[in-house]
Amino acid sequence: MQQPVSQATENAVRSATSFRPNIDIVSAENEVVILADVPGVEAEAIEVKFDRGVLELYAKVSPRNPRRTALSEEYAVGDFRRAFQLAEEFDGAKTSAEFHDGVLCLRIPKAALARTQRVQIRAGKG
Amino acid sequence: MNRLIPSAWLRPASLSTDLDRFIQDFWGQAPLASGVAPLSEGGPALNVYETAEAFEVELELPGMALEEIEVVLEGRELSVRGERKIALPEAGTWQRRERFHGSFARTLRLPVDVDAARVQAQLHQGVLTVTAPKAESAKARKIAIQSKLADQPKQ
């Protein structure tokens with residue numbers, strides 16, 4: 001099994017705990033789209049990086065109002081983090097990211113060589 | 001690096017620090033806390049907080065618009081309902097689905113009366129916060145303590 005690289009050093013510099021966001025993955029002809037729920041995050045606090053085949057998203061969540069008492073907590077609030085191992089046919093360095101209303105959308109294009117090429121067929125004469 | 005098979009084009013890599021955020025299973029039983037009773041199960045997780053002035057109920061509804069969410073207060077019962085629709089982007093196929101979708105309704109009972117006219121809801125970056133100010137009669141009050149000696153008739 002492949003392991004995400006440089007994991008130990010990452011852990012050392014970032015907060016000890018982070019949460020795994022729920023994601024959907026959609027594959028299309030020439031790209032793959034990852035949709036991640038990262039509620040409560042500001043766009044500036046999201047970091048997406050690609051390093052040696054691993055695409056990682058990290059979103060820092062600011063602490064919410066601490067001057068209140070929790071009566072019932074069904075979910076915990078904290079930073080989000082998730083990493084993806086990409087196959088070679090994807091060009092992780094060309095990932096584009098959009099963020100709206102707590103949803104992060106990552107589009108990872110296929111590398112040029114891996115794209116579906118359509119061959120034009122010409123009708124022969126005669 | 002090994003070439004992955006097509007069905008596993010993109011595989012979430014687990015990190016040792018990843019934790020499940022949900023204290024209970026997403027669609028499962030929620031823990032009960034003093035005075036606040038979630039009455040309905042099934043739907044987005046909710047957190048309930050209390051300040052001196054109000055109750056604050058938070059639900060994570062990423063990607064939803066305020067118009068798609070309904071907040072109803074009946075007595076001490078607060079309900080949040082809606083439907084989260086997730087459309088398939090363009091001509092693609094789902095490889096993995098973890099984000100919740102569909103109709104939901106969460107109801108909880110608040111421990112004291114709230115001021116229905118002043119309940120407010122706001123949605124920011126996918127977090128819905130419903131603020132329900134406590135009714136005047138329900139607020140904690142500091143009772144002035146009078147010295148008994150002062151009331152005693154002078155001799």
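Q: In this predicted model, which strand of chain B holds Thr129(B)?
A: Let's start by placing the residue among its contacts. Beyond the residues up to four places away in sequence, Thr129(B) touches Val57(B), Glu58(B), Gln120(B), Ala121(B) and Gln122(B). The element that Thr129(B) itself lies in is strand β11.

Q: Is Thr129(B) buried or exposed?
A: The cut-off to keep in mind is that buried means under 20% relative accessible area. Thr129(B) has a relative accessible area of 17%, so it counts as buried.

Q: Where in chain B is Ala144(B) found, and is it buried or exposed?
A: Ala144(B) sits in the loop between β11 (127-133) and α1 (148-151) of chain B. A residue counts as exposed when its relative accessible area is over 50%. With a value of 68%, Ala144(B) is therefore exposed.

Q: What is the C-alpha to C-alpha distance between Ala144(B) and Glu68(B)?
A: Along the sequence, these two residues of chain B are 76 residues apart.

Q: Which residue has its C-alpha atom 7.6 Å from that of Arg81(B)?
A: Arg81(B) belongs to strand β7 of chain B. Leaving aside neighbours within four places in sequence, its contacts include Glu68(B), Ile69(B), Phe104(B) and Ala105(B). The residue asked for lies 22 residues away along the chain, and it is Ser103(B).

Q: What geometry does the aromatic pair of the structure have?
A: Over all chains, the structure holds one aromatic pair. The partners are Phe100(B) and Phe104(B), with ring centres 6.1 Å apart. Phe100(B) is buried, and Phe104(B) is buried as well. Planes over 60 degrees apart count as edge-to-face, and these planes are at 80°, so the pair is edge-to-face.

Q: What share of the residues in chain B is buried?
A: Here is the wider picture of that chain. Of the 155 residues in chain B, the buried share is 39%.

Q: Which residue of chain B has its backbone nitrogen 3.2 Å from a polar side-chain atom of Asp24(A)?
A: Asp24(A) is found in strand β2 (residues 23-27) of chain A, and at 0% relative accessibility it counts as buried. Its contacts beyond four places in sequence include Val33(A), Ile34(A) and Leu35(A), and, in chain B, Trp94(B), Arg97(B) and Arg99(B). The backbone nitrogen at 3.2 Å is that of Arg99(B).

Q: Which element gives the largest share of the lining of the largest pocket?
A: This pocket has a volume of about 370 Å³. Of its 19 lining residues, the closest to the centre are Leu35(A), His100(A), Val103(A), Gly63(B) and Arg99(B). The elements giving two or more residues are β8 (96-100) and β9 (103-109) of chain A, together with β7 (77-84) of chain B. The largest share, three residues, comes from β9(A).

Q: How many charged residues are in the lining of the largest pocket?
A: Sorting the lining by class gives nine nonpolar and two polar residues. The charged residues number eight.

Q: In which loop is Arg52(A) placed?
A: Most residues other than glycine have a negative phi. Arg52(A) has a positive one, near 45°. Arg52(A) is also exposed, with a relative accessible area of 55%. Its place is the loop between β4 (46-51) and β5 (54-59) of chain A.

Q: What is the phi of Asp101(A)?
A: Asp101(A) lies in the loop between β8 and β9 of chain A. At 41% relative accessibility, Asp101(A) counts as partly exposed. Although Asp101(A) is not a glycine, its phi is positive, at about 50°.

Definitions and conventions
Residues are numbered from 1 along each chain as its sequence is written. Chains are lettered from A and ligands numbered from 1 in the order in which they are written. This is a predicted model: local features need pLDDT of at least 70, side-chain atom pairs count only at pLDDT 80 or more; totals for chains, interfaces and linings use all residues. Side-chain values use heavy atoms; hydrogens and water are left out. On a 1 Å grid over the protein atoms alone, a cavity is a set of points where a 1.4 Å probe fits but cannot get out, and a pocket is an open set with protein on both sides within 12 Å along at least five of seven lines; lining residues have an atom within 4 Å of a point. Grid points are joined across faces, edges and corners, and a volume is the space filled by probe spheres set on the points. Helices (H or I, at least four residues) and strands (E, at least two) are DSSP runs, numbered from the N terminus. Ala, Val, Leu, Ile, Met, Phe, Trp, Tyr, Cys and Pro count as nonpolar, Asp, Glu, Lys and Arg as charged, and the others, Gly among them, as polar. Buried means under 20% relative accessible area, exposed over 50%, partly exposed in between (1.4 Å probe, protein chains only). A polar contact is a pair of N or O atoms within 3.5 Å; within protein, one must be able to donate a hydrogen and the other to accept it, and residues adjacent in sequence count only if both atoms are side-chain atoms. Contact means heavy atoms within 4.5 Å. Rings of Phe, Tyr and Trp (its six-membered ring) pair if their centres lie within 6.5 Å; planes under 30 degrees apart count as stacked, over 60 as edge-to-face and the rest as tilted.
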